Amino acid sequence: MEFGPLIKFYRTQKGITQKELAAGICSIPHLSKIENNSKDANGETISLLLERLEVSFDEMEEKEELIYSLLKDFGEKINFYLR
């Protein structure tokens, strides 16, 4: 699972800066790389970030499944109209 974009989504939705989210957990550049999927984070870092965002792991999985489902449906519709 790629947590980065979802962490960024929840962070921005809650109006939290990278500095606020990263404080005491990781560096701001490290968080930026996590959010942009250019660096993997260990389980402990992800857990701490999710805790600070007040988001559960299950909620993240559900959101990811919904996004992939919507993208798949969108791709199928585009392919249909391109034929």
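## Helix 1 and its buried face

In helix 1, the buried residues are Gly 4, Leu 6, Ile 7, Tyr 10 and Arg 11. Seen down the axis of helix 1, these residues fall within an arc of 165°, so they line one face of the helix. The arc is that of the directions from the helix axis to the C-beta atoms. Buried means under 20% relative accessible area, exposed means over 50%, and partly exposed lies in between (1.4 Å probe, protein chains only). Helices are DSSP runs (H or I, at least four residues), numbered from the N terminus.

What covers this buried set? The cover includes helix 2 (18–22), helix 3, helix 4 (43–53) and helix 5. Just after helix 1 comes Gly 15, with a positive phi of about 70°.

## The model and its confidence

This is a predicted model, in which local features need pLDDT of at least 70, side-chain atom pairs count only at pLDDT 80 or more, and totals for chains, interfaces and linings use all residues. Residues are numbered from 1 along each chain as its sequence is written, and side-chain values use heavy atoms, with hydrogens and water left out.

The predictor's confidence in each residue is its pLDDT, on a scale from 0 to 100. The protein chain averages 89, and 99% of the residues score at least 70. Where is confidence lowest, and where highest? Helix 5 is lowest, at a mean of 84, and helix 2 is highest, at 98.

A search of the whole structure finds two salt bridges. A salt bridge here is a side-chain nitrogen of Lys or Arg within 4 Å of a carboxyl oxygen of Asp or Glu. Side chains of opposite charge can pair when their charged atoms come close.

Arg 11 lies in helix 1 (residues 4–13) and Glu 35 in helix 3 (residues 28–35), so the pair ties together parts that are 24 residues apart in sequence. Are these two partners buried or exposed? Arg 11 is buried, at 9% relative accessible area. Glu 35 is buried too, at 3%. Contact means heavy atoms within 4.5 Å. Leaving aside neighbours within four places in sequence, Arg 11 is in contact with Ile 16, Thr 17, Gln 18, Leu 21, Glu 35 and Leu 53.

Helix 3 has its own buried residues: Leu 31, Ile 34 and Glu 35. Down the axis of helix 3, they fall within an arc of 95°, so they line one face of the helix. Their cover includes helix 1, helix 2 and helix 4.

Thr 45 lies in helix 4. Thr 45 is buried, with a relative accessible area of 10%. Which residues does Thr 45 touch? Not counting residues up to four places away in sequence, they are Ile 25, Cys 26 and Ile 34. Ile 34 is also among the buried residues of helix 3.

Asp 73 and Lys 77 are four residues apart in helix 5, so about one helical turn separates them. Asp 73 is partly exposed, at 35% relative accessibility. Lys 77 is partly exposed as well, at 45%.

Ile 67, Tyr 68 and Leu 71 make a nonpolar surface patch of about 300 Å². Patches are made of residues with over 30% relative accessible area and no salt bridge; like charges are joined within 9 Å, and nonpolar side chains (Val, Leu, Ile, Met, Phe, Trp, Tyr) within 5 Å. Accessible areas come from the Shrake-Rupley method with a 1.4 Å probe; for residues, only the protein chains shown count as cover. Tyr 68 lies in helix 5 (residues 57–82). Tyr 68 counts as partly exposed, at 48% relative accessibility.

Most residues other than glycine have a negative phi. Asn 37 is partly exposed, with a relative accessible area of 34%.

Glu 54 is found in the loop between helix 4 and helix 5. Glu 54 has a positive phi of about 60°, although it is not a glycine. Glu 54 is exposed, at 67% relative accessible area.

Conventions:
Helix = DSSP H or I, 4+ residues; strand = E, 2+ residues; numbered from the N terminus.
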